[in-house]
Amino acid sequence: MALLEVDDLVVQFYTDDGVVRAVDGISYEIRAGETVGLVGESGAGKSVASLALLRLLRDPGEIVRGEIRFDGRDLRECSAADLREIRGNDIAMVFQDADAALNPVYTVGEQIAEAIRAHEAVTDREARERAIDLLERVGIADATARYSDYPHEFSGGMQQRAVIAMALSCDPALLICDEPTTGLDVTVQAGILELLADLARESETAIQLVTHDLGVVAELCDRVLVQYAGEIVERASVGDLFYDPKHPYTAGLLASIPRLGDDRNRLATIPGTMPSLVDPPTGCRFHPRCPFAEDACARRNPSLVEAASGTSAVDAGLDAHLAACLEYTGDLEDGLDYEVRIRDESEEGAADPCGERNPESRRGETR
Amino acid sequence: MQRAVRPKGRPTGGPTMRRIYDSRALERTNDDPFAPDEDEARDGPRTIDWAAFSHAFMPTALRHRALAVSVSTDARRYESGDPVDITITFRNRLPFPIRLRTESPNRWLWTVDGLRAASKLPPAVPDRPAAFAFTRGERKTFRRQWPQRIQVADDEWEPVDPGTYTIAVRIARADAADRGLVDSTTIEITD
C-alpha cells in the first residue's frame, strides 16, 4: 500500500468571475521513502493540490470531491484535532517563502523547539537540544549561537534551511516541499537540493516536491507528475520523462530549458499562456497551444492512459508511463511528430540524466 | 497568556499617554503576537462598515432594481467554428454598496439556448447560498469565449449546427427573471 493515495481530487474556488477549478480530478500515489515531483507552469494548480492534502486551503477554496488517504487514513474525514496531530508529525510542509513562514518576533530556534514541544512530551531543555541538532543537521554553522537569532538575522538560504529543520523536527513520513528553492540564488539552491536529497536518503522520508524547475526534478525525484491547467497530463519515472516524454506539453517544457553551448538564437517556448481555469478550453486543455492539435483535440478530453498500451491509468501499474493525449487512445490521425535528441552520448552522461547528458526535445513539422 | 505592557492602576503621563493606554493598543498575547486582542475584536473597527449598513437598511426590492445585468457579443453573425466572445456586465446603479443573495456560490451563470455554460452536464457546484456584493456604483465585467461547441459528456463536446442561438446571463436565483436580473442576446451562426 502506498503511503499517500490521492484519488480523483477536485478543488474549486468560488469567485465573482465564476468557479475556478484549480485541481480537476487528479490521482496519484507516493510510496514510503520515494521522492515525487509535481511540475508545471505557474497557475497549473500544483500548490493548491499540495495545500489540499493538509486541508490548508483558504476560503473561498474547497475540496469538492476525491479522497486523500495517508497511511490508510482518509484525511478528509479527520477532525481538526486529528489533522493538527498529523500536520508536522506525519506530514510536514516546507513553504515557498521561508521569510513569510517564520514568525519575525520569535527566535528561529524557539520556533523549531515549539514544533517539537507541540507534538512530543519533552522538556524545554530537550526541545532546545533537539532544535540545535536539527539546525546543525541542515547545515547551519554555529547552531548553538544561531538558536537565539531572529529570522531577519538569517540569510534567505539559512531561513529556508531553518524551515526545513522545522519540518523535519518530528521526523515526518512525508515532506511536502512547495517550490523550496524559488527566489534563492543558484548556489544556495544547489545546497538546499543537496540537503533534501541527503535527508530523503538518510531518513527514508517521502517527498512531494512541487516545482516548475525541471532541473530540480532531474536532481531529486524518482517519479514525476506533470500538471497542466489542473489536470495531470503525464506521469513517469524521471528517466522516462527526460528521455522519452510522451505528452507534447512535457516535450515543450523540456525544449524550453536553456542550456550552455546551445546554438539556437532564441530560446524555444511553448506558444500562448496557461488557460483561465474559469473558462478552460473544450476538449484537451492543451490543444490551443499544441503544435500537433487536430479537430478531435477540441472535442475530446483525453484520459490518462499507459502510453505504450493504451491501458487506463486505473489498471496500469504504479510505475507505468502514463500520458493524457489522444495519440495514445488512437484518436490522433497524424500523430505526434517530435524527436528527443541526446546531445552527449558518453557513458558517464548516460548514467546521470541531470549531468552533462541533458536530453533535448525538438519539435518537428506538424501535420 | 497575556502580557500587559500597560502599568497597573491609573495611567499617568498626560492625556496623550492615557489615550494610548486606554486604547489597549500595547497589549499582545504571547500565543499570537500580531493578532488583535479579543477586546478589539469585540468592539469592532472604529469606522462604519457601509456595506453592512447599506445591506441592513436598504429594502430588498431596491437592491434588485439597483443591479443592471447585460450580455453582449463581439458580433451578431459568425462563421461556423468561429469563437464567440461574450462580455457580461453587472452594474450597481446606486451610490450605495449592495449585496444580493444568490442560491449558489457560482453567483451568476451564462447559458446558450438554456444550457448552462453551454453544457448538458449538471452543475458541479454545491447547492448553498452565497452573496454577490458591489461597492457603490461598481461595474463588474467578465468575459467568456464560446467555441460553438456543447459539452455532452464529461470528456466530450459536439459542435453546433448553423442557426440562431440565444446567449443569456442571469444571477443565480430562481426569481432572477421576475426581478429583472437577466439579459440575453441572439447570434446567428452561418455555414
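Between which two helices of chain A does the loop that holds Asp142(A) lie? Asp142(A) is in the loop between helix H5 (124-137) and helix H6 (143-146) of chain A.

## Basis of the report

This is a predicted model, in which local features need pLDDT of at least 70, side-chain atom pairs count only at pLDDT 80 or more, and totals for chains, interfaces and linings use all residues. Residues are numbered from 1 along each chain as its sequence is written, and chains are lettered from A and ligands numbered from 1 in the order in which they are written.

Helices (H or I, at least four residues) and strands (E, at least two) are DSSP runs, numbered from the N terminus.

## The sheet

Strands of a sheet pair through backbone hydrogen bonds, either parallel or antiparallel. In chain A, four strands make an open antiparallel sheet, ordered E2-E1-E4-E5; two strands pair if DSSP finds at least two bridges between them. Strand E2 (18-30) and strand E5 (73-74) of chain A each have a single partner strand, so one side of each is left without a neighbour in the sheet.

Strand E1 (residues 4-15) of chain A is joined to E2(A) by 10 bridges. Gln12(A) has Arg21(A) in E2(A) as its bridge partner.

## Backbone features in loops

Most residues other than glycine have a negative phi, and most peptide bonds are trans. Asp142(A), not a glycine, has a positive phi of about 55°. Asp171(A) also has a positive phi, near 50°, and lies in the loop between helix H7 (156-168) and strand E7 (174-178) of chain A.

A cis peptide bond, with omega about 10°, joins Asp59(A) and Pro60(A). Pro60(A) is in the loop between helix H1 (46-53) and strand E4 (61-70) of chain A.
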